[in-house]
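Trainee: Before we look at charges, could you show me how to read a sheet and then the salt bridges in a model like this one?

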Amino acid sequence: MPENSRAKDDEAVQSGEHVQRLEAIYLNTHDSIITYDSASTIVSINRITLEMFGYDNEAELIGMPFETLVNDTAATRHQRNAADQIAGTRDNILGQLRRIRAKKRDGTVFPVDIHIADYNFGGERFFVGCVRDMSQAQEHEDRVHKSLFYDQLTGLPNRETLDRSLASVLDPAVRATARFLMMEIGIDQMRAINTTFGMDDGNSVIRLVGQRLEQALLPCEFFGRGNGDRFTALFEIPPSKTADTVALETFRKMQRALSAPFEFGGARVSISVTAGGLEIPLLATDPGLAIRYADMAYYEAKSLHRGDVYLLTPDDVARVMQTSALVHQIREALQMQEFFPVFQPKIDLETGRCSAAECLIRWRTQEGNMISPALFIPVAESADLIEGIGRFIFLESCAAVQEWKADPLLSQVKLAVNISPKQLERDNFVDFVRRSLDTFGIPASSLEFEITETTLANNPKVTFAAVEELSRMGICIAIDDFGTGQSSLGMLRDVCASRAKVDRAFLAGVPEDEKSNRMLRNIVNLMRDMNLAVTVEGIETKEVAEYVRTLRCSEGQGFFFAKPMEKVDFEDFVRDTNAAAAPGAVLRRQSVLT
């Protein structure tokens, strides 16, 4: 056989083997391969195409339009794109991987990824579509998307979705012409429900409330779950209405939706909500700020307008921002040791001696500016920083008592410290006090804890137990601001206190007004009948001091005797006063002590 004939035969064999391999790939690939002509008529398919689309044999698809396999809503668009591709007016279809919705024989729609290429055969143009079923991948993507953008408990959109919604409505082009109301909504009784029924039923309540509110408030720009028992809603404000009007109308819808009791755990429970809101972009022009201000509006509503709706004002924002700045400054002041103690003397009204002192806190900034306690103490209490301040002043008092142990005059002075509710309710507070006394090596009897009536009334079971243990240790317990709090006589009878401080409010009109005198006299007699030593605070004149002494009160405190002073000045004051004190001397001390 000639060499050239043998070479042609070998080439033919190789070509045939190549065709066979391509055919094997074509028939056995896991992707659907569909060939169609310029008229969009299917000319060939592989076996996987039948399985993927639910057909029995090739005859059912050969000669049919390719759009038979495309979801009805996308079929027209696909036809138009193909025509544009053939006409040369569109060149971004071929060679691009796209996600579309395909259609099975029974009408089921499912996601596929499709890649289309073209080729010429016998002078005619054909197209090959490689199609991959993405149902499982789409399900996985949907699960991931749902976990990222939807709350698992309620199925409602979460904060991530809220960020996107806010970004949309706060787009400069949108906010130039539209106004929106953003509302933060919280369940009022959630803590009681969790305590009474348990967390599972509590979660059921959150779910049920979310369902009712969603139905009541739709349509809106957004409704979803925030943190814990809170929900967030976003509405466009019609041009004819104000934000206040929309907020009130929306809250009334929520009240109607929640008016029917909830049934769970065999119980019927009525639920109310509190809502805070703000108008955007009036108060916020970016999502982060809008969310912060919505929280601010909610807490404002929760503290002052529980069970109602409250709309944040620019003045609220300015005030809260100032408070936030002060909170930050307090934290820094604790770290930078800008706080220091001062001591206000308490005078024995019989001897004129300084028998005790109240240890108070003061704040001097690095620049030397003094910040009033009336400004920073309420902020520290609301920001849960009062424990740090209370801890500081207690340890400073212990250090002062330790330093004065060797001084014959100063060692006789008892130091009084104000104890906050937060401190007293801590499980480890009593242990902390005991360890501190051991560390400084000072007797418990050298300290007095001043506790307000309100502190005792807020959580009597816990506070009474702590007070009893502190009293057993030897610490004197004094009821501060007596007569202005929430206590009952029964509560005062049961608490382990040895002293009471009459609030300065009861000195108004004393000694000129007989009704004022009678009221003060009755209060003092009541306390003495309950075996409580009596300290009267707020004494500012000689006449008041004289009258209080006639009532046989044990101690007096106020500017008539002395203002709060720093440690060195207080030490000098005690040495000078106690060395010279004699019965009746208290009434001659104004020129010396002020």
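Mentor: Two strands pair if DSSP finds at least two bridges between them, and helices (H or I, at least four residues) and strands (E, at least two) are DSSP runs, numbered from the N terminus. This is a predicted model, in which local features need pLDDT of at least 70 and side-chain atom pairs count only at pLDDT 80 or more, while totals for chains, interfaces and linings use all residues. Residues are numbered from 1 along each chain as its sequence is written, and side-chain values use heavy atoms, with hydrogens and water left out.

Trainee: In what order do the five strands of the open sheet lie?

Mentor: The order is β7-β8-β6-β11-β12, with mixed pairing. β7 (222-225) and β12 (309-311) are the edge strands, each having a single partner, so one side of each is left without a neighbour in the sheet. From one strand to the next the twist averages 15°, where axes are lines fitted to C-alpha atoms, for helices over the stretch in contact, and angles run from 0 to 180 degrees between N-to-C directions.

Trainee: Which helix packs on the sheet?

Mentor: Helix α8 (residues 199-217) does, touching β6 (180-187), β7 and β8 (230-236), and its direction makes about 10° with that of β8; contact means heavy atoms within 4.5 Å.

Trainee: How many salt bridges does the structure hold?

Mentor: A salt bridge is a side-chain nitrogen of Lys or Arg within 4 Å of a carboxyl oxygen of Asp or Glu, and the structure holds 37 of them. One joins K567 to E403, with the closest N and O atoms 2.8 Å apart; this pair links distant parts of the chain, since K567 lies in helix α21 (residues 567-580) and E403 in helix α13, 164 residues apart. By contrast, E468 and R472 meet at 3.3 Å, N to O, and both lie in helix α17 (residues 460-473), four residues apart, about one turn of the helix.

Trainee: Is R472 buried or exposed?

Mentor: Buried means under 20% relative accessible area, exposed over 50%, and partly exposed in between (1.4 Å probe, protein chains only); R472 counts as exposed because its relative accessibility is 61%, whereas E468, at 37%, counts as partly exposed.

Trainee: What is the nearest side chain of opposite charge to R362?

Mentor: Lys and Arg count as positive and Asp and Glu as negative, with His and the chain ends not counted. For R362, which is buried yet has no salt bridge, that side chain is E358, 8.6 Å away. R362 is found in strand β14 (residues 354-364), and E358 itself belongs to a network of salt bridges that includes K346 and E448.
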